[in-house]
Amino acid sequence: MRITHTITELNNAINQLRTGNLNIGFVPTMGALHQGHLSLIDEAKEKTDIIITSIFVNPTQFDNKEDLVKYPNTIESDIKLLEKQAKCDILFCPNANEMYQDSISSDHYDFGGIENQMEGKFRKGHFDGVATIVKKFFEIVNPDFAFFGEKDFQQLEIVKKMVEIEKLNIQIIGCPIFREKDGLAMSSRNIRLNESQRNDAPTIYKILKQVKTKSNLESIENINKFVLEKFSQSKELELEYFEISNEKTLEKTNDFSNSRAFIAAFAGDIRLIDNIKLQ
Ligand code: AMP
C-alpha cells in the first residue's frame, strides 16, 4: 500500500498504478478504522481495480468543537490494519491545509430539503461540510465508484444528490451496516465508550429491531411511545431523536413502505447513530 499525504504524491501514485482502462474505487473515511470501514474496502475490491482510501477528519462537518477535538486519531494502527487486512492500494491522508488551502469553510448546498431532516436538524452546517469535502476528494481522486456506508444513511443520500447537482460521473455505492456481535453498529466513536456505556449501547439496535417488528402491527403513535419508554429505562443512553422517515425524502412518514427507522442517542458526550430498513 502506498501512503500519500499531498495531492502531488497521490497523483504520482495513481499514475503509476492506472494503466489501460483500470477503474478506481474510492473509500473516504475519518480514520479510527474498524471492520465496518474494511467492509467498504472489500466491497470496493469486488467492483473496482484500484482502491484508494482516505483518512481525514474534516473540521467543517463538526458543529461541535469538543466532538472534533475528541474524535479518535489512531493513524498508526489504521495503517497497520489496512496493510494487514485490506486490499487497499493507496492511502491518502492529507492535512487540512492540503484540502482547504487557506480557507477552512464549506460551500452552501440546497439538496431539496433532505439536508434539513434529522442529522441536518441537530448538527447545523454538517451536510454543507460533508458535501464540500466529498466534492474536493472527488475532484482530487477522480474515482469511477465511491463507497459509503448505510450507517450514515442520510449522508449517503446527500452524496448521491451532490453528485447529481455537480454532474459528476461517479457511481455512489451504498454498503450495509456492519455490526458487532451484540448488534452495536461499528463506529469510530465506540472506542470512547466506557464499560457501562458499551454494555448499554446495543440497546439502540435492539430497539430498532423491535420497531421493525412493530411496524407491521402497530400505529406510529404506539411505536413512538414504545421507543421513548425504552430509552427512559436505559441507564446510559439519552435519545436525541427517533424518526421513521421515507428513504428518498427523509421526511417523517406514517407509511412504513420504503422507509427506515433512525435513532441518534448520546452515551455521555458520545453521539451514536443507527438505522434499520422497515418492511
Ligand atoms: P467515518 O470514518 O465514520 O466517516 O466513516 C467512513 C465511511 O464508513 C462512511 O461511508 C460510513 O458510513 C462508513 N461506515 C462507518 N461505520 C460503518 C459501519 N458500521 N458499517 C458500514 N459502514 C460504515
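View 1. A backbone N or O atom of Gly 149 lies 2.9 Å from an oxygen atom of the ligand, in a model that is predicted. How much of the ligand's accessible area does the protein cover? On its own the ligand has 480 Å² of accessible area, and the protein covers 93% of it.

**View 2. The shell of residues around the ligand.** There are 17 residues around the ligand, and those that come nearest are Met 30, His 37, Asp 152, Phe 178 and Met 186. Sorted by class, the shell consists of 9 nonpolar, 6 polar and 2 charged residues.

**View 3. The largest cavity, where the ligand is found.** The structure holds 2 cavities of 30 Å³ or more, and the ligand sits in the largest cavity. Two or more residues of the shell around the ligand come from each of strand 2 (24-29), helix 2 (35-47) and strand 5 (145-149), with helix 2 giving the most, namely 3 residues. The space in the largest cavity amounts to about 790 Å³. Its lining is made of 44 residues, of which Met 30, His 37, Tyr 71, Asp 152 and Gln 155 are the closest to the centre of the cavity.

**View 4. The elements and residue classes that line the largest cavity.** Which element supplies the largest share of the lining of the largest cavity? That element is helix 7, with 5 residues. At least two lining residues each are supplied by strand 2, helix 2, helix 7 (126-141), strand 5 and strand 9 (270-277). When the lining residues of the largest cavity are divided by class, 21 are nonpolar, 14 are polar and 9 are charged.

**View 5. The largest pocket.** The volume of the largest pocket is about 240 Å³, and 18 residues line it. Ile 55, Phe 56, Val 57, Asn 73 and Ile 75 are the lining residues that lie nearest the centre of this pocket. Helix 4 (residues 75-85) contributes the largest share of the lining, with 3 residues. By class, the lining of the largest pocket divides into 12 nonpolar residues, 5 polar residues and 1 charged residue.

**View 6. The second largest pocket.** For the second largest pocket the volume is about 170 Å³. Asp 63, Asn 64, Glu 66, Asp 67, Lys 70, Phe 122, Arg 123, Glu 240, Phe 266, Asp 269 and Arg 271 form its lining. How many residues of this lining are charged? The lining of the second largest pocket has 8 charged residues, together with 2 nonpolar residues and 1 polar residue. Helix 3 (residues 65-70) gives the largest share of this lining, 3 residues.

**View 7. Two glutamines with a positive phi angle.** Gln 101 is found in the loop between helix 5 (96-100) and helix 6 (118-122), and its phi is near 50°, which is a positive value in a residue other than glycine. Gln 279 lies in the segment after strand 9, and phi of Gln 279, near 40°, is likewise a positive value in a residue other than glycine.

Note on methods. Residues numbered from 1 in each chain as written. Predicted model: local features only at pLDDT ≥ 70, side-chain atom pairs only at ≥ 80, totals over all residues. Heavy atoms only, no water. Near = heavy atom within 4 Å. Polar contact = N/O pair within 3.5 Å; in protein donor to acceptor, adjacent residues only side chain to side chain. Areas by Shrake-Rupley, 256 points an atom, 1.4 Å probe, with all protein chains shown as cover. 1 Å grid on protein atoms, 1.4 Å probe; cavity = no way out; pocket = protein on both sides within 12 Å on 5 of 7 lines; lining within 4 Å. Sits in = over half its atoms within 2 Å of the grid points. Helix = DSSP H or I, 4+ residues; strand = E, 2+ residues; numbered from the N terminus. Nonpolar A, V, L, I, M, F, W, Y, C, P; charged D, E, K, R; others polar. Points joined across faces, edges and corners; volume = space filled by probe spheres on them.
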